[in-house]
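User: Let's go through the local contacts in this one. Start wherever you like.

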Amino acid sequence: MVKHQPLQVYERQLCLSCITGTYGCRWKRYQRSHDDTTKWELLWSLILLFTFCLLLVWFYFWWEAHNDYNEFNWFLYERSGKWSDGTVPILATTAAGFTYVTFLMVLALCHVALGQQLNLHWLHKIGVTAALLTTIAGVISVNQTWSQEWDIVPISFQATGPFLHLGALAAVTALSWIVAGQVARAEKTMFQVVVVLLYLSVLLGLYVVPLYLTSPCIMDPSTLKPRPEVFGHQGAPMLAPENTLWSFQRALQMNVTGLQADVTLSVDGVPFLMHDLDLRRTTDVAKVFPDRRTDEASFFNWTDLQQLNAGQWFLKEDPFWTVSSLSQQEKNLTARQRVCSLQQLLKLASYHNISVVFRVKRPPPLHPCHHSWINDTLQAVQQSGVPHHLVMWTPDEQRAQVRQTSPGLTQTSLVKQDPRDLQKSGISRLMLRYNQVSPSEILRFSRNNISLTVYTVNEPWLFSVLWCSGVSSVSSEAPHILRKLLYPVWLMRPNEYCLMWVSADVVSFAAVIGIFILQNYHMIRYRLSSMRSYNPEQIMLSASVRTSSRDANVMKEKLIFSEVRNGGGTDELYEDHSYDYNQ
């Protein structure tokens with residue numbers, strides 16, 4: 001009996017099979033190839049890279065926009081008339097798409113590192129296209145409805161920039177292993193030069209990025225100003241229904257130093273607290289007055305407003321996903337809330353001796369108080385008995401008359417102006433959205449004795465940046481979160497940051513040089529050992545990578561027939577040489 005023995009014993013390459021199989025459905029050895037990637041597949045690789053970069057920016061945007069999720073949901077409510085948390089499907093699809101595309105990017109890099117031909121499967125091409133188009137549609141929608149929120153990206157870099165730089169430097173340094181391998185395996189000098197120059201350009205660019213990164217948190221801790229005061233924006237709307245008495249009481253429990261509210265005038269001249277134009281979202285007006293559910297809130301009289309419940313919607317909608325954390329007693333108090341008047345708020349502030357700032361919406365032209373709204377609001381302030389210095393007066397209309405009638409009021413502007421113009425107008429406080437003022441402008445207002453209040457600040461990182469910038473106070477929907485922040489999230493001396501930056505660059509550069517030397521050393525040894533161990537047919541077959549596919553197939557067939565005559569299996573021979581025989 002003649003015993004047939006194969007020419008060569010092959011090891012199973014499970015890891016490689018999983019990589020090529022998952023990426024391009026090439027599970028068998030004979031399906032894989034070391035040939036150059038086709039131009040079509042190179043195009044898809046670029047599309048995959050662009051999709052990954054776009055999703056990375058999109059994911060980072062929504063991660064940092066967490067500070068303003070409630071604002072986004074309110075924008076959606078204005079357009080649809082129905083309250084819902086629109087961030088949930090966006091976050092779910094963004095996370096899923098980013099995870100999927102990142103996984104494909106890792107597989108593509110593994111292909112490049114192993115010298116495998118890139119061949120993205122058609123199902124993945126559909127998935128990448130869907131992720132790309134969906135993200136582009138999302139970016140366009142944000143530009144149309146919420147364009148001001150893009151400012152959160154450069155602002156967030158003041159808090160995350162130094163650490164993102166370190167992460168990017170580590171990632172690009174790790175990529176040097178793949179780049180060095182490509183350079184070592186390349187046969188064309190021009191290709192080697194181009195790849196090295198491109199990589200070094202990116203690397204050197206990252207080395208000098210800190211020169212353009214600025215953060216107010218890079219400072220001498222001894223110059224840090226006192227902790228900013230915190231105003232409860234609409235009370236504590238994450239813990240109780242917004243603009244209700246219970247919400248402001250909850251804010252006081254969180255040690256706020258001021259309260260902020262939105263004021264509307266009823267048809268009989270009573271200022272009350274309401275943010276929306278109508279009552280549908282925050283009251284049960286559809287149940288009590290079904291025929292008037294879409295009417296503007298200012299066209300209800302105070303008697304009708306007192307019949308509405310302003311707390312049950314909070315328990316039902318759970319806008320901030322916090323209802324489950326409330327005790328049963330707190331839920332009962334929430335369910336019994338009514339529409340709050342401005343006088344009630346001012347009496348509460350007077351009792352606790354804290355400041356109050358409110359925005360008054362002027363009634364529409366057909367409203368009985370369209371012309372008397374300033375006097376009606378001022379009368380409510382005077383009747384409440386609150387010390388005038390605790391009231392921050394914001395309406396610009398008839399400001400001179402208000403100053404004569406009630407000189408003790410703290411004049412506050414909602415419009416950004418030059419500090420000298422504010423002083424000429426007798427305005428001592430300024431209230432702006434956080435994206436309307438830069439650290440240098442904050443310093444300028446402070447030097448001119450203009451107290452700046454910034455809204456709406458819910459995230460600790462944003463509070464820290466504004467704290468380091470010198471802001472005197474912030475308005476927040478999350479006073480229970482900022483209450484725990486007794487020091488900025490991070491604070492670093494300039495010399496410490498410089499040391500960290502230079503050290504990271506030196507370590508990265510040394511690692512890149514070492515990797516390039518190591519890759520070339522191993523490739524030389526690998527090629528020398530391959531020449532000694534391979535038989536002539538295998539050397540010819542390896543060299544055929546640069547020849548025509550017809551010549552390669554001829555050499556494959558010779559080896560196949562030689563193996564069959566010696567009793568070996570054809571499958572093993574196919575698996576030894578990673579070429580696609582069906583090309």
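This is a predicted model: local features need pLDDT of at least 70, side-chain atom pairs count only at pLDDT 80 or more; totals for chains, interfaces and linings use all residues.

Analyst: Arg 250 first. Beyond residues up to four places away in sequence, Arg 250 touches Ala 236, Leu 239, Ala 240 and Glu 330. Contact here means heavy atoms within 4.5 Å.

User: OK. Where does Arg 250 sit? Buried or exposed?

Analyst: Arg 250 is in helix 8, residues 245-253. Helices (H or I, at least four residues) and strands (E, at least two) are DSSP runs, numbered from the N terminus. With a relative accessible area of 9%, Arg 250 is buried. Buried is under 20%, exposed over 50%, partly exposed in between (1.4 Å probe, protein chains only).

User: What about Lys 125? Buried or exposed?

Analyst: Lys 125 has 13% relative accessibility, so Lys 125 counts as buried. Lys 125 lies in helix 5, residues 122-145.

User: Which residues does Lys 125 touch?

Analyst: Trp 40, Glu 41, Trp 44 and Leu 120, leaving out residues up to four places away in sequence. With Glu 41, Lys 125 has a side-chain to side-chain polar contact of 3.0 Å. That term means N or O atoms within 3.5 Å; within protein, one must be able to donate a hydrogen and the other to accept it, and residues adjacent in sequence count only if both atoms are side-chain atoms.

User: Next, Asp 68. Where is it?

Analyst: Asp 68 is in the loop between helix 2 (39-64) and helix 3 (69-80). Asp 68 counts as buried because its relative accessibility is 3%.

User: What does the Asp 68 side chain make a polar contact with?

Analyst: The side chain of Tyr 434, at 2.4 Å. Asp 68 touches Trp 146, Glu 149, Arg 433, Tyr 434 and Thr 456, again not counting residues up to four places away in sequence.

User: What is the peptide bond between Tyr 455 and Thr 456 like?

Analyst: It is cis, with omega about -20 degrees. Thr 456 is in the loop between strand 8 (451-455) and helix 18 (460-469). Asp 68 touches that Thr 456 too.

User: Backbone now. What is phi at Gln 234?

Analyst: Near 60 degrees, a positive value in a residue other than glycine. Gln 234 is in the loop between strand 1 (229-233) and helix 8. Gln 234 is buried, at 4% relative accessible area.

User: And what is phi at Cys 25?

Analyst: Also a positive value in a non-glycine residue, near 60 degrees. Cys 25 is in the loop between helix 1 and helix 2. At 39% relative accessibility, Cys 25 counts as partly exposed.

User: Last topic: helix packing. How do helix 1 and helix 4 cross?

Analyst: The axes of helix 1 (residues 14-24) and helix 4 (residues 87-114) come within 10 Å and cross at roughly 125 degrees. Axes are lines fitted to C-alpha atoms, for helices over the stretch in contact; angles run from 0 to 180 degrees between N-to-C directions.

User: Which residues make that contact?

Analyst: From helix 1: Leu 16, Ile 19, Thr 20, Thr 22 and Tyr 23. From helix 4: Phe 103, Leu 104, Leu 107, Ala 108, Cys 110, His 111 and Leu 114.

Key
Residues are numbered from 1 along each chain as its sequence is written. Side-chain values use heavy atoms; hydrogens and water are left out.
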